[in-house]
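Colleague: I am new to this one. Could you take me through it, one question at a time?

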Amino acid sequence: MQLRNQIIIGIATGRLREGDTLPSVRQLADHVSINMHTVNKAYSVLRQEGFVKLDRRKGAVVSLDSDKQRMLEEMKHEIAVVMAKGICKGVQREEVHSLVDEIYDLFVNWEESAT
């Protein structure tokens with residue numbers, strides 16, 4: 001999941017773009033010192049979620065599925081759990097709004113903040 005999340009963040013921040021080829025399973029496993037099966041599983045999950053296509057010749061290629069409604073439903077489900085945890089710990093509505101704005105701006109303005 002960590003590898004999957006890092007690749008998604010890379011796409012969101014523009015470090016990875018549509019059409020970019022990801023390292024081979026073996027290369028990435030060696031580079032980050034994890035099992036090849038772990039990398040293969042991450043690539044499979046990313047394919048199922050519509051973030052990459054797996055090509056026999058090119059390997060894993062960033063290819064975004066544009067199913068926005070499905071993404072909104074998934075976000076709603078995941079955010080609901082996180083928000084429930086925050087409410088249990090006393091996080092206020094204004095704090096949630098501020099945090100969401102901060103994170104969204106971080107991803108959208110990644111390249112500007114990196115320079």
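Colleague: At the start of α3, which backbone nitrogen does a side-chain oxygen of N35 reach?

Modeller: Keep in mind that this is a predicted model. Helix α3 covers residues 36-48. At its start, a side-chain oxygen of N35 comes to within 2.6 Å of a backbone nitrogen, that of H37.

Colleague: How far does α3 reach from its first C-alpha to its last?

Modeller: α3 has 13 residues. At 1.5 Å a residue, a span of 18 Å is expected. The model comes close to that, with a reach of 18 Å.

Colleague: Within what arc do the buried residues of α3 fall, seen down its axis?

Modeller: The buried residues of α3 are V39, A42, Y43, V45 and L46. An α-helix has 3.6 residues a turn, so residues three or four places apart point the same way. In α3 the buried residues line one face of the helix, because they fall within an arc of 160 degrees.

Colleague: Which residues are exposed on the other side of α3?

Modeller: The buried residues of α3 have cover that includes α1 (2-13), α2 (25-32), β1 (52-55) and β2 (59-62). To count as exposed, a residue needs over 50% relative accessible area. On the other side of α3, the exposed residues are H37, K41 and Q48.

Colleague: Is S63 buried or exposed?

Modeller: S63 sits in the loop between β2 and α4. Beyond four places in sequence, S63 contacts E18, G50, F51, V52 and K53. One of these, G50, follows α3 and has a positive phi, near 85 degrees. The relative accessible area of S63 is 13%, and the cut-off is under 20%, so S63 is buried.

Colleague: Which element gives the largest share of the lining of the largest pocket?

Modeller: The largest pocket holds about 1500 Å³ of space. Its lining has 33 residues, and M71, M75, I79, I103 and F107 lie nearest its centre. Two or more lining residues come from each of α1, α4 (68-88) and α5 (93-108). The largest share, 11 residues, comes from α4.

Colleague: How far apart in space are I9 and F107, C-alpha to C-alpha?

Modeller: I9 is in helix α1. I9 is partly exposed, with a relative accessible area of 27%. Not counting residues up to four places away in sequence, I9 touches R15 and F107. I9 and F107 are 98 residues apart in sequence, yet their C-alpha atoms are apart in space by 7.9 Å.

Conventions: Residues are numbered from 1 along each chain as its sequence is written. This is a predicted model: local features need pLDDT of at least 70, side-chain atom pairs count only at pLDDT 80 or more; totals for chains, interfaces and linings use all residues. Side-chain values use heavy atoms; hydrogens and water are left out. Helices (H or I, at least four residues) and strands (E, at least two) are DSSP runs, numbered from the N terminus. The expected span of a helix is 1.5 Å times one less than its number of residues. Buried means under 20% relative accessible area, exposed over 50%, partly exposed in between (1.4 Å probe, protein chains only). The arc is that of the directions from the helix axis to the C-beta atoms. Contact means heavy atoms within 4.5 Å. A polar contact is a pair of N or O atoms within 3.5 Å; within protein, one must be able to donate a hydrogen and the other to accept it, and residues adjacent in sequence count only if both atoms are side-chain atoms. On a 1 Å grid over the protein atoms alone, a cavity is a set of points where a 1.4 Å probe fits but cannot get out, and a pocket is an open set with protein on both sides within 12 Å along at least five of seven lines; lining residues have an atom within 4 Å of a point. Grid points are joined across faces, edges and corners, and a volume is the space filled by probe spheres set on the points.
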